[in-house]
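Q: I would like to learn how to read a model like this one, one feature after another. Where should we start?

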Amino acid sequence: MSAIQVRSVSKAFGSVLAVDDISFSVATGSTTALLGGNGAGKTTTLSMVLGLLIPSSGAVTVLGEDMARHRYRVLPRLNFSSPYVELPLRLTVRQNLTVYGHLYGVDDLKGRIAQLSEELELADFIDRPAGKLSAGQKTRVGLAKALLNQPELLLLDEPTASLDPDTADWVRGYFQDYRARTGATIVLASHNMTEVERMCDHVLIMKQGRIVDQGSPTDLIGRFGRDTLEEVFLDIARNRRHPAEAVS
Ligand SMILES: Nc1ncnc2c1ncn2[C@@H]1O[C@H](COP(=O)(O)OP(=O)(O)OP(=O)(O)O)[C@@H](O)[C@H]1O
């Protein structure tokens with residue numbers, strides 16, 4: 001079964017068509033990447049999957065539920081992190097996690113926060129206001145918030161943005177382990193192609209609101225006659241669509 005099915009979905013903001021008639025599905029238990037240049041429509045797509053934005057047309061099914069009709073049934077089973085969503089800045093990290101934990105109805109919330117604090121190394125700043133954290137510390141708190149309810153579906157918008165290479169590497173390993181342990185489905189939007197090659201079984205490439213290519217990293221690299229996903233990304237961004245054109 002698919003964890004996500006998106007069928008003929010478009011989203012317009014006034015005259016801007018941010019997402020233009022896309023269809024795709026995400027296999028349960030997979031890690032899928034949503035790639036594309038700035039403004040390609042990735043965040044808009046993730047927001048529609050989360051039910052934060054309503055499509056202008058088309059249908060989104062998440063964990064078997066139609067998001068237009070039953071999104072409240074499915075919201076407790078998913079979660080997300082985004083560097084663009086600020087947590088309340090005056091609340092401490094612990095207070096923030098407590099508020100979100102109550103919203104998600106987490107059992108043994110104190111224990112869960114202690115566990116995440118240890119796993120994501122939040123102890124040094126857990127009683128500091130969220131507004132007084134470094135960018136990398138905020139990212140880690142956002143990831144802890146996203147894991148509070150042990151989601152079956154995790155949507156990650158640039159999960160390693162602002163993290164130093166060592167912490168970013170550790171976070172990637174953490175999510176791979178989380179998926180292996182829980183069978184969760186992960187969808188991530190990322191500009192880091194090495195991260196995508198390491199973590200993802202499937203890649204959806206967006207450009208100007210449309211899905212222009214998809215496949216496993218190995219499949220895409222092979223079809224474009226390239227060595228890395230970064231080179232494939234550049235070929236697509238620069239309209240060098242065929243392997244024969246791509247070798248220059
Ligand atoms: N609320 C909004 N009102 C008007 N236009 C919007 C709105 N949100 C997004 N857009 C436009 O929709 C298009 C897609 O934006 P989106 O944020 O989905 O892209 P993205 O692929 O996530 O880009 P980035 O990599 O820069 O984060 C862009 O042209 C953007 O300017």
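A: Start with what a database annotation is: UniProt positions are given here in the numbering of this chain, and an annotation may be inferred rather than shown by experiment. Keep in mind also that this is a predicted model.

Q: Which residues does the annotation "domain: ABC transporter" cover?
A: According to the unreviewed UniProt entry, that annotation covers residues 4–233. Over this stretch the chain is 39% helix and 27% strand, with its end C-alpha atoms 24 Å apart.

Q: How many helices and strands does the protein have?
A: There are 10 helices and 10 strands in the protein. Its radius of gyration is 18 Å, close to the 18 Å given by the globule rule for 248 residues, so the protein is as compact as a globular protein of that length. Along the principal axes, the C-alpha atoms fill a box of roughly 55 × 40 × 35 Å.

Q: What share of the residues is buried?
A: A residue counts as buried when 20 or more other C-beta atoms lie within 10 Å of its own. Buried residues are 39% of the 248 in the protein. As for contacts between residues at least 6 apart in sequence, 63% join residues at least 24 apart.

Q: Which residues are around the ligand?
A: They are F13, V16, A18, G36, N38, G39, A40, G41, K42, T43 and T44. The elements giving two or more residues to this shell are β2 (16–27) and α1 (42–50). The most comes from α1, with three residues. Sorted by class, the shell has four nonpolar, six polar and one charged residues.

Q: How do I read the length of a helix, and what does α5 reach from its first C-alpha to its last?
A: The expected span is 1.5 Å times one less than the number of residues. Helix α5 (residues 135–147) has 13 residues and reaches 19 Å, close to the 18 Å expected. For α6, 18 residues should span 26 Å, and the end C-alpha atoms are 26 Å apart, which agrees. Just after α6, G183 takes a positive phi of about 75°.

Q: Why is α5 described as largely enclosed?
A: In α5, 11 of the 13 residues are buried, so the helix is largely enclosed by the rest of the structure. Its buried residues include charged ones by class, among them K138, R140 and K145.

Q: What covers the buried residues of α5?
A: The cover includes the strands β6 (78–81) and β7 (153–157), together with the helices α3 (93–103), α4 (109–119) and α6 (165–182).

Methods: Residues numbered from 1 in each chain as written. Predicted model: local features only at pLDDT ≥ 70, side-chain atom pairs only at ≥ 80, totals over all residues. Near = placed C-beta within 6 Å. Helix = DSSP H or I, 4+ residues; strand = E, 2+ residues; numbered from the N terminus. Rg over C-alpha atoms; globule rule 2.2 N^0.38 Å. Buried ≥ 20, exposed ≤ 12 C-beta atoms within 10 Å, placed from the backbone. Contact = placed C-beta atoms within 7 Å.
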